[in-house]
Amino acid sequence: SLLAEESFIPDPPSLNATNYILMDSISGRVLAEKDADERIEPASITKIMTGYVAADQADKGFVSLSDEVLISENCWRKKGSKMFIREGSRVSMSDLIKGMVIQSGNDASSAIAEHVAASEEGFVQLMNLACNDMGSKNF
């Protein structure tokens, strides 16, 4: 059978990354990796999980992409990359998601977290549950 045959896998490219893993999505076979199990700062991976959890909560009906989210002082004061939302303003969930994805907005990410789970700490618990559901062991 063709599926049983081993494919040629070239050497991994030289990457400017300290850690990575590339897996075949069907077989789960690791094709290339470098220090994949080493613990590192998650950086913007948390924004991917924020988007995933927010979409999941919207699919379950707990929030809506049309919700108008009140921006807290905590969100407004966030450092780093921003969407530049102002404290006391209202921004739709869908616009916050765009601000998080396009601008990598820390302020937008925090506003989503506060809206979905009432606090950033509560949202971290939701992200950890989602990671557990996915079978993630190293988070």
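Predicted model: local features only at pLDDT ≥ 70, side-chain atom pairs only at ≥ 80, totals over all residues.
Glutamate 120 is partly exposed, with a relative accessible area of 24%. Lysine 78 is also partly exposed, its relative accessible area being 21%.

The structure has four salt bridges. Another of them pairs glutamate 73 with arginine 77, where the closest N and O atoms lie 2.6 Å apart. Glutamate 73 has a relative accessibility of 36% and therefore counts as partly exposed. A further salt bridge brings together the side chains of aspartate 95 and lysine 98, at 3.9 Å from N to O. These two residues are three places apart in helix H3, so about one helical turn separates aspartate 95 from lysine 98. Aspartate 95 is partly exposed at 35% relative accessible area, and lysine 98 is partly exposed at 47%.

## The two sides of helix H3

Helix H3 spans residues 93-102, and its buried residues are Met93, Leu96, Gly99 and Met100. They cover an arc of only 120° around the axis, so they lie on the same side of H3. Among the elements that cover these buried residues are H1, strand S3 (68-70), strand S4 (90-92) and H4.

The face of H3 turned away from the buried side carries the exposed residues Val101 and Ile102. Just after H3, serine 104 adopts a positive phi of about 55°.

## Packing of H4 and H5

Helix H4 (residues 106-117) packs with helix H5 (residues 120-134) at an angle of about 80°, and their axes are 8 Å apart. Angles of 65 to 115 degrees count as roughly perpendicular, which is why H4 is described as roughly perpendicular to H5.

On the H4 side, the contact is made by Ser110, Ala113, Val116 and Ala117; on the H5 side, by Glu120, Gly122, Phe123 and Leu126. The residues of this contact comprise five nonpolar, two polar and one charged.

## Glutamine 57

Glutamine 57 is located in helix H1 (residues 45-59). Its relative accessibility is 10%, so glutamine 57 counts as buried. Leaving aside residues up to four places away in sequence, glutamine 57 touches Phe62, Val63, Val116 and Leu126.

Definitions and conventions. Residues numbered from 1 in each chain as written. Heavy atoms only, no water. Axes fitted to C-alpha atoms, helices over the stretch in contact; angles between N-to-C directions. Helix = DSSP H or I, 4+ residues; strand = E, 2+ residues; numbered from the N terminus. Parallel < 35°, antiparallel > 145°, perpendicular 65-115°, else oblique. Contact = heavy atoms within 4.5 Å. Nonpolar A, V, L, I, M, F, W, Y, C, P; charged D, E, K, R; others polar. Buried < 20%, exposed > 50% of the residue type's maximum accessible area, 1.4 Å probe, protein only. Arc of directions from axis to C-beta.
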